[in-house]
Amino acid sequence: MKKIYLLASLLIFSSVSMSQTIDISALYSQNSQPSQCDFTSCYSQSDIMNSATVSSFSSRESFLNLFTARQNIKVKMSQLLPSFNLRIDNVFNVFDYIPNLIGFIFPSNWFRLKESKLHAKAQEQSFISTIANQKNASQGLYLMLHQESINAKIVFNHIHFAKQLLSLMQARYEYGDIAYEDIEELNAFIGFMSTDYSMQKYLIKQIQLDMDYLVDNINIDLDAGPLNIKTPEYGEMIALNANELLAPVLEAAPELKSLAYLAHAAKYSKKTRVYNFLTPDSDIDSALGFGTAANLRIASSEIEQLEINRQMTQSELTKSLLLITNGITNSIALNASAHSIQRSLKYILTSLVDDFRVSSKIDINRFLSVLNDNLRAQFMINNSSHAYLQSMANISRLLLNGPDYSEIASLIPSSTTDIDCYLRKENRKIKKAVENGELTISDNLIFSKDELAFCF
């Protein structure tokens, strides 16, 4: 009779064990299927980068600044042509009439026109820089949102695995094989993981809001996120050499080109100060006298300031390049280390689960310690993969290459007005002066064929 009772107990226990299983593969399930959407609505990287180009506040403001700079060319040109001004209330005040009727005879007006044209060219490069920065910022938020979404899945997978283990422990507790304290220990772990999961979802909401603000599309009811993308494996990651990239980065930098235009414009500004005293309606600071030398020194200091800014910008670009390439190297090392750690932890977890199935004995503290380490390892794999993607995106921004950056120059509005015709003539004069050695200008300041084309 006793043998029959023990056999029945074993059969019941065996059936319970079979119904309460632990699927360790749940911890290592695919967290992201490319092109799938885990949100109410999804967008691709290109979608959000294009939206940032058109809709972001900085992009729209930069476009307006470019428009203003181009219109200022017309304002300066108007100072060369006859105009009417109601401030002239005395027909005998010839000095008030002269600037309005024959402004073209004053050299300073011509220098101001040339300066305004170069300012417009500088603003074009500033426009390119702003658009590129907005694209890069939106891509960074996209990758951050994708990264945290996968981290949330990793936490969820560990909660799911822990609940499977808890269910089996509760079943075996009924037969006295498990201490109740161990069950409560696991319950506490699940509680902490659930809190982490809630915080992860909150972080995702915060990033979503930052993304919506960037593209000026804040919608309270919209739960939009990135389409899943494939993250690189360790063998797919490639380190980059900063020394090989430095020259192309400096050559592509619109910031340096903008400063080169501004430096050249500052030379015209200095000439404006030299001849401004000839203009009847010039201010008192422009008068020829004791302050003239100081006025010219101020103009020279402005040129020197622009040179300092150029050197500082070049140094900042070099620093950024080094930080990015060092970040890539670090991401590759972390990813390799995390994969190695995860392989070891997977082996340990598998052994612990198998031992528990066979013996019904469990060291819950060791089990939870290994589970926590496994969570950290998966975070490290995911975060280092996304850090690598972000660094490569930053390299594309510095080089202005790739489909998302190569077409930015085409976004600069073009015009067929006579102002552009005059601008092209001025560009040809600048190019000729550089070739003759009359002017020294940055080597990376290049005029396109369209900018040098003749006008008919």
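Figure 1. The closest N and O atoms of R376 and D373 are 3.9 Å apart, which meets the criterion for a salt bridge (a side-chain nitrogen of Lys or Arg within 4 Å of a carboxyl oxygen of Asp or Glu). The view shows a predicted model, in which local features need pLDDT of at least 70 and side-chain atom pairs count only at pLDDT 80 or more, whereas totals for chains, interfaces and linings use all residues. Residues are numbered from 1 along each chain as its sequence is written, and side-chain values use heavy atoms, with hydrogens and water left out. Both partners belong to helix 10 (residues 364–399) and are separated by three residues, about one turn of the helix; helices (H or I, at least four residues) and strands (E, at least two) are DSSP runs numbered from the N terminus. R376 is exposed, with a relative accessible area of 57%, whereas D373 is partly exposed at 31%. These classes are buried (under 20% relative accessible area), exposed (over 50%) and partly exposed (in between), for a 1.4 Å probe and protein chains only.

**Figure 2. Salt bridge between E124 and K121 in helix 5.** The structure holds eight salt bridges, and one of them joins E124 to K121 with closest N and O atoms 3.5 Å apart. Helix 5 (residues 107–173) carries both residues, again three positions apart, about one turn of the helix. Is K121 buried or exposed? K121 is buried, because its relative accessible area is 3%. E124 also counts as buried, at 9% relative accessibility. Side chains of opposite charge can pair when their charged atoms come close.

**Figure 3. Salt bridge between E236 and K230.** Here the closest N and O atoms are 3.2 Å apart. K230 is exposed, with a relative accessible area of 52%, and E236 is partly exposed at 42%.

**Figure 4. Aromatic pair of Y43 and Y142.** Rings of Phe, Tyr and Trp (its six-membered ring) pair if their centres lie within 6.5 Å; planes under 30 degrees apart count as stacked, over 60 as edge-to-face and the rest as tilted. By this rule there are six aromatic pairs. The ring centres of Y43 and Y142 are 6.0 Å apart and their planes stand at 55 degrees, so this pair is tilted. Y43 lies in strand 1 (residues 41–43) and Y142 in helix 5, so the contact ties together parts that are 99 residues apart in sequence. Both tyrosines are buried.

**Figure 5. Aromatic pair of F57 and Y213, with the surrounding nonpolar patch.** F57 and Y213 form a tilted pair, 5.4 Å centre to centre and with 45 degrees between the planes. The pair links distant parts of the chain, since F57 is in helix 3 (residues 57–78) and Y213 in helix 6, 156 residues away. F57, L209, Y213 and I218 make a nonpolar surface patch of about 410 Å². Patches are made of residues with over 30% relative accessible area and no salt bridge; like charges are joined within 9 Å, and nonpolar side chains (Val, Leu, Ile, Met, Phe, Trp, Tyr) within 5 Å. Accessible areas come from the Shrake-Rupley method with a 1.4 Å probe; for residues, only the protein chains shown count as cover. F57 is partly exposed at 36% relative accessibility. L209, in helix 6 (residues 180–214), is likewise partly exposed, at 43%.

**Figure 6. Arginine R172 over the ring of F356.** R172 lies over the face of F356, at 4.8 Å from the ring centre. The criterion is NZ of Lys or CZ of Arg within 6 Å of the ring centre and within 35 degrees of the ring normal.

**Figure 7. The largest nonpolar core.** A nonpolar core is a set of buried Ala, Val, Leu, Ile, Met, Phe, Trp, Tyr and Cys residues joined through side-chain atoms within 4.5 Å. The largest such core has 33 residues, of which M169 and L186 touch the most other members. Helix 5, helix 6, helix 9 (292–359) and helix 10 each give two or more residues to this core. Which helix provides the largest share? Helix 5 does, with 10 residues.

Figure 8. D216 has phi near 55 degrees, a positive value in a residue other than glycine. D216 sits in the loop between helix 6 and strand 2 (224–226) and is partly exposed at 37% relative accessibility. S360, in the loop between helix 9 and helix 10, has phi near 65 degrees, also a positive value in a residue other than glycine. S360 counts as buried, at 6% relative accessibility.
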